Amino acid sequence: LGATNCIQSLGDVHLDLSELPQARARYQEALPLFRAIGEKLGAANCIKSLGDVHYRLSELPQARARYQEALPLFRAIGAKLGAANCIQRLGDVTLEEKDSGKAEKLYREAVDMAKNISPANEAAALNSLASLYEEQKKYAQAIEIYSQAIKIFPQHAYIIRNRARMHLKRKDADSAHNDIELAAQLQPDNDYLFLRRGELSILRGNYAAAISHFEAALERFPRMSYAYFSIGLAHLRAGRPEAALEVYQQGLDVTDAPSDLEKAIEDLEALQVEEPGLRGVEDVLGKIRQRIGNG
């Protein structure tokens with residue numbers, strides 16, 4: 001059991017580092033071992049984690065199949081948290097498939113289940129519900145749900161960071177700054193603070209500071225394509241198209257997730273609207289679209 005738990009935990013580390021093929025291999029190694037020793041919770045967790053790998057790779061049918069496989073296993077052993085998490089993830093898959101109505105039902109089902117587990121879990125489920133409104137670009141409603149979650153359980157620093165991201169989307173630099181610092185009080189060494197501070201620096205036009213923050217994130221997550229793409233965005237805004245193209249290529253070299261590329265295109269298209277004629281944007285868009293076309 002100890003050895004198998006270690007293998008599964010190595011999969012978790014690979015997943016956190018966005019090393020998706022390695023994560024998949026570890027979970028696939030651990031799953032039959034859990035089954036062989038009759039460790040049902042470990043097996044269910046492995047199946048869910050394999051779903052997470054598929055989800056990160058935008059392999060939505062495979063992700064759904066894994067979550068649907070894990071859900072009755074969690075229910076059979078009375079693992080309420082595992083079941084609620086599976087329902088949340090099914091909501092994520094459904095949201096990616098653009099069925100927002102069904103996704104909302106799944107998220108609200110997860111919230112109702114989480115209420116009977118703990119305030120911390122209820123807040124986490126509300127966080128997923130807020131992501132629905134974020135995906136729909138209903139940032140004010142997302143902020144409302146994030147705020148509800150924070151009121152229920154103020155210790156979840158990641159939810160505060162998520163609310164900060166919504167303030168950034170609304171170009172509310174002061175509110176974003178306040179949330180970033182509030183999250184930092186709870187988790188002063190959290191790596192994701194570099195991302196929020198980098199985004200805030202871009203909003204304020206301090207591109208050198210933004211690049212510094214995103215580079216600090218890359219020291220901890222060398223395969224985080226979002227950090228590379230954000231550095232590229234800062235270079236474009238600063239009028240350095242050649243540097244931008246180089247760093248975008250670095251991001252393309254490390255990502256296995258189509259959703260990362262779609263998000264990068266969305267940010268670049270928004271930049272085109274904001275600053276028409278900005279040099280280098282179309283070249284970068286062409287490179288990313290070529291990658292998608294080849295992929």
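In which helix does Leu 10 lie? I found Leu 10 in helix H1 (residues 2-16); helices are DSSP runs of H or I with at least four residues, numbered from the N terminus.

I noted first that this is a predicted model, in which local features need pLDDT of at least 70, side-chain atom pairs count only at pLDDT 80 or more, and totals for chains, interfaces and linings use all residues. Residues are numbered from 1 along each chain as its sequence is written, and side-chain values use heavy atoms, with hydrogens and water left out.

**Leu 10.** I looked up its accessibility: at 38%, Leu 10 counts as partly exposed (between 20% and 50% relative accessible area, where under 20% is buried and over 50% exposed; 1.4 Å probe, protein chains only). I also checked the C-alpha atoms of Leu 10 and Gln 187, which are separated by 24 Å.

**Leu 126.** I located Leu 126 in helix H7 (residues 119-135). Its relative accessibility is 3%, so Leu 126 counts as buried. Leaving aside residues up to four places away in sequence, Leu 126 touches Val 111, Ile 145, Gln 148, Ala 149 and Ile 152 (contact means heavy atoms within 4.5 Å).

**H2 and H3.** I then turned to helix H2 (residues 20-36) and helix H3 (residues 40-56), whose axes lie 9 Å apart at an angle of about 160° (axes are lines fitted to C-alpha atoms over the stretch in contact, with angles from 0 to 180 degrees between N-to-C directions). The two helices are therefore roughly antiparallel (over 145 degrees). I recorded among the contact residues Leu 20, Tyr 27 and Phe 34 of H2, and Cys 46, Leu 50 and Val 53 of H3.

Note on methods
Angles under 35 degrees count as roughly parallel, over 145 as roughly antiparallel, 65 to 115 as roughly perpendicular and the rest as oblique.
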